[in-house]
Amino acid sequence: MKILVIGGGGREHALAWKLAQSPKVRKVFVAPGNGGTASGARLENLNITDVQELRAWAASKKIAFTVVGPEAPLAAGVVDEFRKHGLRVFGPTRAAAQLESSKAFSKAFMKRHGIPTAEYETFSDPVAAHAYVDKMGAPIVVKADGLAAGKGVVVALSLAQAHEAVDFMLVDNTLGVTHNEGGARVVIEEFLTGEEASFIVMCDGKNVVTLATSQDHKRLLDGDEGPNTGGMGAYSPAPVVTPDVHARAMREIILPTIRGMEADGIVYTGFLYAGLMIDAQGHPKTLEFNCRMGDPETQPILMRLKTDLVDVMMAATEPGPHGRLDTIELQWDRRIALGVVMAAHGYPLHPRKGDTITGIPKIEDDAVVFHAGTAMQDGQLVTSGGRVMCVTVLADNIKQAQQRAYDVAQGIHFDGMQYRTDIGHLAVKS
């Protein structure tokens, strides 16, 4: 069969790579793809990004199913468009994707349905937002209400940082946020303490299957210092998600979200990612929802997945009122998977493009370099985005995984390359 993956980042390279391993697959098309998906086995890039054009192409090529990777096409209604024409597609509708595309929608939804999350207020008036910051004090969290490629959150440790973030988001839009209807808004919420984890599930409208747990590293620098990014590395599984935390997350967050969306008249299908903050007593609260797999969490999670992803997607997109994910049991490699993101010079605010990349090794069973911000230019692989690639490995324990990943990373070169040297440090301590 032929399959379409929409997107061009590291998450989409990993999804396409995993789908292409299935004996049932002839070709996986990636739209628009990147330098890694341009030449992978049974992979082909497709230079189409318009939603209606993609739908028409998928219908004409008899694509078996489509998987939507990033948030922007979901918010643009790509799933609605494909379904309207009877095409199988995995992802949430435009209405359901508001859980990610609007922080204000998401917080109001959680409050309405009793889903544990931080206390908050929403503002469109900078004066009122600044007054609230002064009243609450720091540390405090400021979030842009709109799509911001994972960079629309500022964890302000001082009042000055908080006020600057409010101006960035409400006045200057320095972060390049795509505003929702009604213009610029921010959600300002209490600062939660604990340890973060990524809890990702698949839903077919009724049935829910949990993916392996993972932990992202959002800060740019070692020791969780520096500015927030889209993610500098991840590993799976996350020790902080104990069996008790896992059960709580399902009982208190995931299932009430799926049921709450249905109660609000919105059936949820696709990946659902809950960013959790887990306190010292093992109580999880929801930091945010994403309506897709995380990046870079996807890369280590799919390295560990042993089940044929095509079978999973076919079950999830079964025509009818809902799919048949209840017939699927995922099998996981017992080893640790760890991914290290290699970022461009100037990332996250001003990433430089066009630097030549050398030293990428061939794909091995226990080591894959997933491309994100790469492109082919005059026969050379060059940087084309902030997070350039993710070196992802499998090993028997976390220390061996770190060693293997950094051994591979040290062989890769492009000018201005930056990466953290402590991915997985919380698992080493635990």
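Two strands pair if DSSP finds at least two bridges between them. Keep that rule in mind for this predicted model.

**A hairpin**

Strand β22 covers residues 374-377, and strand β23 covers residues 380-383. They pair over four bridges, in the antiparallel sense. Together, β22 and β23 form a hairpin, with two residues between them. In the turn sits D378, and its phi is positive, about 55°.

**An open sheet**

Strands of a sheet pair through backbone hydrogen bonds, either parallel or antiparallel. Here, four strands make an open sheet, and the pairing is antiparallel. Their order is β13-β12-β18-β19. At the edges stand β13 (208-210) and β19 (284-290). Each has a single partner strand, so one side of each lacks a neighbour in the sheet. On average, neighbouring strands of this sheet are turned by 30° against each other, direction ignored.

Look at one pairing in this sheet. Strand β18 spans residues 269-278 and pairs with β19 over six bridges, in the antiparallel sense. M277 stands opposite K285 in β19.

**An enclosed helix**

Helix α1 runs over residues 10-20. Is it buried or exposed? Eleven of its eleven residues are buried, so the helix is largely enclosed by the rest of the structure. Among them are G10, W17 and A20. R11 and E12 also belong to this buried group. A residue counts as buried under 20% relative accessible area. R11 is at 6%, so R11 is buried. E12 is at 2% and therefore counts as buried as well.

**Salt bridges**

How many salt bridges does the structure hold? The count is 24.

| Pair | N to O distance |
|---|---|
| E12 and R11 | 2.6 Å |
| E44 and K27 | 3.4 Å |
| E318 and R88 | 4.0 Å |

E44 and K27 form a salt bridge. This pair links distant parts of the chain, 17 residues apart. E44 lies in strand β3 (residues 43-45), and K27 in strand β2 (residues 27-32). E44 is partly exposed, at 35% relative accessible area. K27 is partly exposed too, at 25%.

E318 and R88 also meet in a salt bridge. E318 lies in the loop between α11 (309-316) and β20 (336-343). R88 lies in the loop between α4 (78-84) and β5 (89-90). The pair therefore ties together parts that are 230 residues apart in sequence. E318 is partly exposed at 29%, and R88 is partly exposed at 21%.

Salt bridges can also link up. D244, R248, R251 and E252 are joined in a network of them.

Notes. Residues numbered from 1 in each chain as written. Predicted model: local features only at pLDDT ≥ 70, side-chain atom pairs only at ≥ 80, totals over all residues. Heavy atoms only, no water. Buried < 20%, exposed > 50% of the residue type's maximum accessible area, 1.4 Å probe, protein only. Axes fitted to C-alpha atoms, helices over the stretch in contact; angles between N-to-C directions. Salt bridge = Lys/Arg side-chain N within 4 Å of Asp/Glu carboxyl O.
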